[in-house]
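Look at the sequence and the model below. The report that follows takes up a sheet, a chain contact and a single residue.

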Amino acid sequence: MAQVVFSTWGRNIVDNRNAAGEPAAASFKLPVAFDGEQPLKAFMGWDGIILFDKYVDIPAMTAEYMRRVQTLYCCGRCTPGKKGTKVLSDLFQNVLDGKAKESDLDTVGDLAELLKNCKCTLCQSATVPVFDAVAHYRSDFLAYITSSCGPNREPSRFIHKITAPCMDRCPSHIDIPKYVEEIKNYQYGEALATIRDNMPLPSVCGRVCPHPCETACRRKNVDDAINIMVLKRTASDYEWMHNLQPPMQPKPKKGKTVGIVGAGPAGLAAAYYLALEGYHCTIYEALPEGFGGGMIAVGIPAYRMPRHLLQRDIDIIQAVGVDIVYNCRVGKDISLPELKQKHDAVFLAPGAHRSKPMGVEGEDKGYKGFLSGGIDFLREAYMGRPTGMGKKVCVVGGGNTAIDCVRVALREGAEESILLYRRSRKEMPADVWEVDGADEEGVKFEFQVLPTKIVVDANDQVTGVECVRMAMGEPDASGRRRPEPVPGSEFIVECDTVIPAIGQDPDLKFIPADMGIDITKWNTVVTKYLPHKDAAGKQLNDSMGNPLCRTLITDCDGVFAGGDAEIGPLTVVACVGNAHRAARVIQRWLEEGKAYLTEEDILEDLLTYLGVYDKNEKVPWLDSADRSNQKEVHGRERAAKGNYNEVELGFSDTTAQAEADRCLRCYRMAMVAV
Amino acid sequence: MAHTESSEKKTTATLTIDGRQVTVPVGATILEAAAELGIKIPTLCWLKKVSTTGACRICVVAVEGIDRLMTACNTPVKDGITVTTTSPEIIAARQKTLELLLVNHPLDCPVCDAAGECDLQDIIYAHEVDRNRYAADLERLPIRYDWKLLESDPNRCVLCEKCVKVCREVVGREAIEIVDRGDRTIIDTVSGEPLDCDFCGNCINVCPTGTLISKPFKFKGRPWTFNVTPSVCTFCSSGCQIDYHSANGRVERVTSGDDTYNRGILCINGRFGYAAFNSPERITSPLVAGEKAGWDKALATVAGTLKEIVAANGGNAVAGIGSPRVTNEESYLFQKFLRGAVGTNSIDSEARLGFLPSQIIQYEMLGYSGGTRDMNAIEKATAVVVIGADLKGESPGYAYKMIQASTKNNAKVVMAFPRLSSTAKYANAYLQYKPGSEAWLVAGLNKALIEAGAGAAGSDTLKSSLDALSFEKITQATGIPEAKIREAAALACAGGSTAVIYGSGIIRSADMKNAVTGCVNLALLTGATGENGVGIYPLDEKNNTQGMLDMGVCPEYLPGYHAYGHVSEFGDAWNCAVPAAPGKDLFGIIDGIEKGEIKALYVMGSDPLQFMPDRGRVLNALKKLDLLVVQDLFPSETAKLAHVFLPAATAAEKSGSFTAVDNRVQCFSRAVAPAGEAKNDAEILQKLFSLVAPVAPIAVQGSEELHHEITRLTKLYTETCDHAGCRMGRIKNRAAAPAACRPLLPSEPAPSGKPFTLVCAPIQRHNGSYTTWSASNNLVAPGRYLEINPSDAQNVGVSQGDQVTLSTDTGSKTLPVRISSAVAPGTLFVPSNFGDGVLSGAGSLAKA
């Protein structure tokens, strides 16, 4: 099975219809069965058609594809798209009805050419598979035209999904082209509503999102990506700056309630979407009132994420029907079984707040000046509690938390703030702009060094870190070079404070062992998933190594999990996307007693696995409008002691409008036959 | 990194279009660059005044090296590119696209309103598209016959989005949207309910086809059969330039071109208010004692009675009330007749109720009255402060400018008004103050600005006066917290180019003196009147209030604001003896009538029974007169009492000039002859002058002659009109005076003892009472109402539509209830357009 019968995908023609002997090899990142069970018979999309089952009725599939594009998604905002797809849609229906002439098929090629002038790519890209179908399955179309009964194929069921490279890559699947176009049209309120459909923390993700969407922006194939993140901030700030009331109205209350562990991005997002559906949610948060937001609050400093705006997003979420019980640590102030009893469903989103050990000599000795971890440091600093920091601070690590620590150390009054990282600057997992920001503020960097020992004086006060320099070693068996210590290069970095910031993992002690909830070796909660396999029989995983399609229900009925504690430590946007899906599954579970993914959910995941963005695609467009970047406060004063004022300043509305006008609106529709 | 300094960003780009080079600013589109070379690229959806759309795909051009056609209208130029605008491939693409546009387009041109002025027709014709290779199943979409004033036939729509964009970006209403998908995509209301909007009809004006059409115009005639006369709108003080389309002596349509000062944008009054001209209620014959009479008899009666009264009691026994609606020339003649022929300086107008005294204060402080810059300058403001006005209710042109500044120039907007206006969504700070506390509010803003470091000449004395006012007290008076006032003050200075606009809320405030002084202070403190400032603009609801005052229709000044010391210059020029003492003002005139000192009143284009605060008292006074002459269009309350009624002409029926509130003087010529026996005010006044003048009758002057006389005597204008028939006429001379802040001493708010405070202001769907004679306006704003907060409605026990009786110190009215959270609890709103403007202050309510 899963033998490719015919394909034009990626503009490569694989034709095994009449192949004698060994069929041409072709493989696509698609599972053999759509949902792990029903065979995937054919796929039709922006880059061609893929046929796994030779009995699929191609003219019928083509007609259905064009009908759905025209009637469900064509925005009508350009002449070729609006009218051209109507002509094509009716033309294919006429073929099926035996009312077409053979010469009508010539119109398909003619319009495929004309529709290159479309305003965006939906209708234009929709002509690609239908043109391929007519070109390569002409006889099947003629069979309908001449005999009016078709080529005698099996009927199929079709499932479709609209997508775009950016919205596919966004883990929250925000309808990015839509909100960008709304900003272009000065519809800031509508843009924000579009964002909130999938992202209830717009002021946050408009500021601190690592914006994976921008790495999949097709405008990059012309010049530079659209500044998608700052446009999100624009929409969010507009509402705030004009004192506008958020328009969301929750559905009438449905009686059942959901208990949620943790007021972080995942907990807040799940609560928001469930509350909108009429399910009252109660979030149990370990920290005191005023410190909601989970890792956003404790892990992202205020100069990146102003607190009053985070709080505004939280207040808006609460206003649709969410209670937050602060100072309530599940497992201590209330047990998980109690919670389960109290609510009709429980969502676990405790995050990943436990700092990982560094593995250096002396870290477990309780030295003065050796702090427990980066995230703890950031939290204490944010809450205005003593951090234990001295004047000369060494932070160990290369991620965003490490960078936040060195930058916060300056704002907490450190005279010197030094970052130690074992690889080179360009290999740092931290976002480039964060590293540059630290640099501008006067942080010192020691790259390619490995801390080996904490140095202390007679009073067990830290006085430095002993390090060894690292160099790239010889290639190993896989050909990859690993950093290795350079013998004899040991040296000491003097400091009075060491902050390890090499990562966090979830603290799941609050889950009693007898609840039947499984935990992985990475200390994340196990949730159920679909048995997707590729042609070679291998399980399909997502980019984090988790099973591709997860229902987010644990092995304990009624208990769901999401966020960093389910995915592994990741990003706000990933947690929100994951929690939004969890909210939908929880709703199904509450209403139908079944926790399942819809066909649209599944196709969404399959498309992400297949890949919607093609960095090699040639995009013909005039590169005459440069990307705009937001202004920021410059100079070391911005990191002066106590100065947590926001560093980045966003766009003016007109800059945002012009930036949005660069968007190529790369919608496209995929459809599968099962 | 020093080397980056040399790589300065280029500000221009040079490109080649059809073999010719052109250099344009970076950011210009290919379409604009081509226009520089005189190359016309065909367009259908492009509209200069809104953001680019790129919907029609007709303007495609080839850019060398780009493997697809690009749309010229929304593709910015790039240095060094080579563009081809015409080639067989490009023409084929345009033709095919046009064929697609015509797939199932109804060819109902014989009954389509757009026939003859249809952009689709023109472009199809120009591209010689006479056949169609494409076809699709026909599916007709329902026509919206159920909208008021407008009709929408989506089958004719080409989805150019111009209407949607004008509605959103220029009018700021967002009443219509693109809805549905695919070939069923149409322009409709988002809710699908009938249109409920500003009814400005700007969507009709920009529609390239017959999709959105005017119902009042439907079947009134084919577009090419009308006489089109450029003119100036006769309603609000924005001074929009319009075109009257007339046939058979009737105005049947008003449009405005994209090349006008107002870029073709009008409001409901400009677009539909002309129905008042054609109102069946209009009186077009002279009436004497309520009976039809010929002109000779009517004028002889007026002249004879006036002469008798003057002979027996002197000129001071006669008074006049002028009109903010008539032309400058007519206002000039009105006061010339009364001063020169009758011999009285007791001439006043409704401007007495606020606009005139406010402008005297502004003049004393700045050396200017009216707007200090022209209205369009507001588009370039970085901060716009609107105090005491619902812009769309008073002068919609200013609302459109504020919207441009906000959306296209990133201006911060501060608005202050007791009722939430429909433009509130643009405000970065909206101060919904307690009615009556205007002086306190501006004092608070003044104080916050000074405390934040703003300064101007005189700000020291201002500061000492403000030191006596605590924010606690200011908040108590206004209901606005201190932090909000400080935030608004900071926003008012944003960007360094501020415009200050103040409206009737300030101008007719109970403490007008301090409210206006505070607004002028605000302009000085924010730099609005300085070099980088965008000016200060008083608003008035009516088209020529500013011009009327310029012409001396007030007791304290001769034309051109000349003091009575100059009286001989005027007397000599008019060959009459003009009395040298100032006359009585509006209130003095009523007093004088009551005391029997004034026996004759000449009312031109005005309805004192509608606008005077104490209607009962005025009514008794008017009944006491020996002679009441009313010269008007309609049987107004005052006209019904007239001994002699003289039917006047509308703005479409005469020529002359209007001076907008920003001091633009615009000339216009006659579009149609006066209806029936009506005559224009100038002709009536000149005839009367000849009949009454005691010394030397003057001949009826031509308008050119009159212009010269006015210019010479008033010294207000540059001598010549730019050119004949132009609408940007003469320029007013301006003398800047050294400007300084003045101290503020807002009067103590007096407890009213009544549960409600009243806001009485104009609404957006009318202009003054003029358009209440327009069937079109009345269709969407049929009449009076009282707006009340939902919580108050509950307390009083009334629901939507119930009748309530509102009692104030100046009278009581019974009105239907409208429940709305646009008014704060404790505040009531009553539109001033329907003769309820007499209500003010505090009141109580009872279910009727």
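This is a predicted model: local features need pLDDT of at least 70, side-chain atom pairs count only at pLDDT 80 or more; totals for chains, interfaces and linings use all residues.

Residues are numbered from 1 along each chain as its sequence is written, and chains are lettered from A and ligands numbered from 1 in the order in which they are written.

Strand 17 and strand 20 of chain B run parallel and are joined by 5 bridges. Strands are DSSP runs of E with at least two residues, helices are runs of H or I with at least four, and both are numbered from the N terminus. Two strands pair if DSSP finds at least two bridges between them. In chain B, 5 strands form an open sheet in the order 19-18-17-20-21, with parallel pairing. Strand 19 and strand 21 of chain B each have a single partner strand, so one side of each lacks a neighbour in the sheet.

Chain B gives 40 residues to its contact with chain A, and chain A gives 35 residues. Residues are in contact if their C-beta atoms, placed from the backbone, lie within 7 Å.

| Element of chain B | Residues |
|---|---|
| strand 3 | residues 60–63 |
| strand 4 | residues 69–71 |
| helix 2 | residues 88–102 |
| helix 4 | residues 162–170 |
| helix 11 | residues 396–408 |

Helix 2 of chain B gives the most, with 5 residues.

Thr478(B) lies in helix 14 of chain B. Thr478(B) touches Tyr433(B) and Trp440(B), among others.

Notes
Two residues are in contact if their C-beta atoms, placed from the backbone, lie within 7 Å. Lists of a residue's contacts leave out its neighbours within four places in sequence.
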